[in-house]
Amino acid sequence: MARKRERRLRRRIKAAVLSVAVLYICSSFISDDRFFRNLMWRFEIEPSKAATKNGKPIMHTFFSRIDPEVTTKNTGMSDEADAMMLATWKQAWEDAGWETKVLTIEDAMEHSNFHYFNTTLREFKYGKKFREYDVLCFFRWLALAMSGGGWSCDYDVFPLNPIVGGAETLPNDGMFTAYETIPRAAVPSFVSGTKEEYNRMSHLLVSNAAVHQDKEEFWTDFFSLIDVHVIDPDSYYIEDAVVPGQVVLTGKRYSQEDCDRITSGKMGAHFSHSAIFNGVTEEGETMEDRPKIALRFLKMWKEQCTNDMPFTPAALVPPEPEPVESNTTAEEEPSEHIDLVDNLAASASERR
């Protein structure tokens, strides 16, 4: 947490230095006091606002149908199950006080960089191809940038507790933030950021994928998100606000202790493929039953976990007391770039 505060402080210091530099340069040419008052107003740091509709924050998701007669879907979902999942997702978030918007490949195609992304991801000089599902996952970042930025989650992420201060203001000054953690990185199941941040991250992710074209049998935006953060921990923020579905699916009715331990302080639950494989579900339920499984859990959770705490972004958590000085030296974290495919990516891919 201390490192996150340090990174946030460094970014603000850089912004302040840039502001002073611009003022100094302009002072050589302009002496009108009104100019400087206007310029200082523009450089004031204001909270980054999320996209809203009817006074409510918008939760986006990205979905584009994959025609099974043209290519393999790789999702384990039929068209009917996808439609039910989208409808269930929409109703759950709107019941939680949000507006919802489903983005598609048509939104991504409006982006000026769509052709570059499409060419990079589909035309490999080494002859290897990304699966259609994985290509679409990269396109979603362009669609989010075209939407104007804000909040987004996968269609299998369902709402739990609200966020302290409200969702109208984006955490971490609007910097790209991922909310489902794994060791040393995050799952792109639930994210937030400004339009500029989605543009920045889209280029980071597709550039990372291009590097791995000739090295891996397949690559995803999830693997790129891991790799980018391992290479540069300052590349984006990570908050612990989403609980994996396999953790919430215990097969029993929650006690208050279960609520405190599992869902309190979390914004959402991710009912991914891994949740169905590793969580406790009813006999005979499969991937296509995820809408029913999620609704059943949410009904139980709303009845049992009435005292859950809201999610508090790290920036709003009071600083910890200064540690007592000690002669012992803290162990340094390993700095080497780990083998992602054999270690992190392979084990984490089950989360999707």
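## Buried cysteines

Cys153 is buried, at 2% relative accessibility; buried means under 20% relative accessible area, exposed over 50% and partly exposed in between, with a 1.4 Å probe and protein chains only. Cys137 is also buried, with a relative accessible area of 7%.

The model is predicted: local features need pLDDT of at least 70, side-chain atom pairs count only at pLDDT 80 or more, and totals for chains, interfaces and linings use all residues. Residues are numbered from 1 along each chain as its sequence is written, and side-chain values use heavy atoms, with hydrogens and water left out.

## The disulfide

A disulfide is a covalent bond between the sulfur atoms of two cysteines. Taken here as a pair of cysteine sulfur atoms within 2.5 Å, the count comes to one disulfide. Cys259 and Cys305 form the bond, with their sulfur atoms 2.0 Å apart. The torsion about the S-S bond of Cys259 and Cys305 is about -75°, so the disulfide is left-handed.

Cys259 belongs to helix H10 (residues 256-263), whereas Cys305 lies in the loop between helix H12 (290-304) and helix H13 (341-348), so the pair ties together parts that are 46 residues apart in sequence. Helices (H or I, at least four residues) and strands (E, at least two) are DSSP runs, numbered from the N terminus. Cys259 is buried at 0% relative accessibility, and Cys305 is buried with a relative accessible area of 5%.

## Asp156 and its surroundings

Asp156 is placed in the loop between strand S4 (149-153) and strand S5 (157-159). Asp156 is buried, with a relative accessible area of 5%. Beyond its neighbours within four places in sequence, Asp156 is in contact (heavy atoms within 4.5 Å) with Met85, Ala269, His270, Phe271, Ser272 and Arg290.

The side chains of Asp156 and Arg290 are joined by a polar contact of 2.8 Å. Such a contact is a pair of N or O atoms within 3.5 Å; within protein, one must be able to donate a hydrogen and the other to accept it, and residues adjacent in sequence count only if both atoms are side-chain atoms. Asp156 and His273 are 117 residues apart in sequence and 9.2 Å apart in space, C-alpha to C-alpha.

## The sheet containing S5

Three strands form an open sheet with mixed pairing, in the order S5-S10-S9. S5 and strand S9 (242-244) stand at the edges with a single partner strand each, so one side of each is left without a neighbour in the sheet.

Two strands pair if DSSP finds at least two bridges between them. S5 and strand S10 (residues 268-270) run antiparallel and are joined by three bridges. Val157 has His270 as its bridge partner in S10.
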